[in-house]
Amino acid sequence: MPTRPLERRQWLIGAAATLATPQLAHLAAAASPPIVTPGQTEGPFYPVKFPADMDADLVRVKGQAAQAVGQVTHILGRILDTRGEIVRGATVEIWQCDAQGIYSHPGDSGHKRHDAAFQGYGRVQVDGAGRYAFRTIRPVAYPGRTPHIHFKVHAPGIGRLTTQMYVAGERLNTTDGPLNGIRDRKARDTLIVALAEAGDLEAGALKGTFDIVLAV
Ligand SMILES: [Fe+2]
């Protein structure tokens, strides 16, 4: 059955509902202090030129009739501090390759074949509860790397963090250089996100939760 695209507003509301368990999150945070999200290399493909459309929906590009190739994936999360409190006013950026493993970046030898319907980069501000949500595609492997999404968080008055999010169960996770460069297993595991069916948000799509804890 073809997937019916949702309006941006609908899936953002759905994303908010998924994360609406602040009491439980607070209790969990009280039980054990959250692990600071480890930083990762920015890599060579941070945009040199931002796309004209750089909203939270990377699957749709303004002016493109087609939707990006790839499996639609919702990535949701909160920006927290080490006490488990939400961080207000943070900006979250993501960037990743398209479904063929190509970045929209002149440093990628295949960039002329980049999927024009895939935005490749998105930027949002967290809402009043410290939450962000992106609609993107499931990341794919490219030579030398396991699937990942690059993240950069700017938190006014706190600082910034550059890291990468990985997908649970990917075969290449065990040999990926940047991921396994994190020696502390618990810290490494915080970057690995389980993806599940996102039927409540969008039929046929996946979703995963990636909370980011900033050192304060
Ligand atoms: Fe990358």
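Along the chain, the donors of the iron ion follow the spacing Y-x38-Y-x5-H-x1-H; donors are N, O and S atoms within 2.8 Å of the metal (3.2 Å for Na, K and Ca), and water is not among the atoms, so sites may look incomplete. This is a predicted model, in which local features need pLDDT of at least 70 and side-chain atom pairs count only at pLDDT 80 or more, while totals for chains, interfaces and linings use all residues. Residues are numbered from 1 along each chain as its sequence is written, and side-chain values use heavy atoms, without hydrogens and water.

Select the iron ion next. Tyr103 (OH), Tyr142 (OH), His148 (NE2) and His150 (NE2) coordinate the ion at 1.9 to 2.3 Å. Tyr142 is buried, with a relative accessible area of 15%, and His150 is buried at 2%; buried means under 20% relative accessible area (1.4 Å probe, protein chains only).

Now select Tyr132. Ile79, Tyr132, Phe151 and Phe210 have the most contacts inside the largest nonpolar core, which has 40 residues. A nonpolar core is a set of buried Ala, Val, Leu, Ile, Met, Phe, Trp, Tyr and Cys residues joined through side-chain atoms within 4.5 Å.

Two of the iron donors are Tyr103 and Tyr142.

Note on methods:
Buried means under 20% relative accessible area, exposed over 50%, partly exposed in between (1.4 Å probe, protein chains only).
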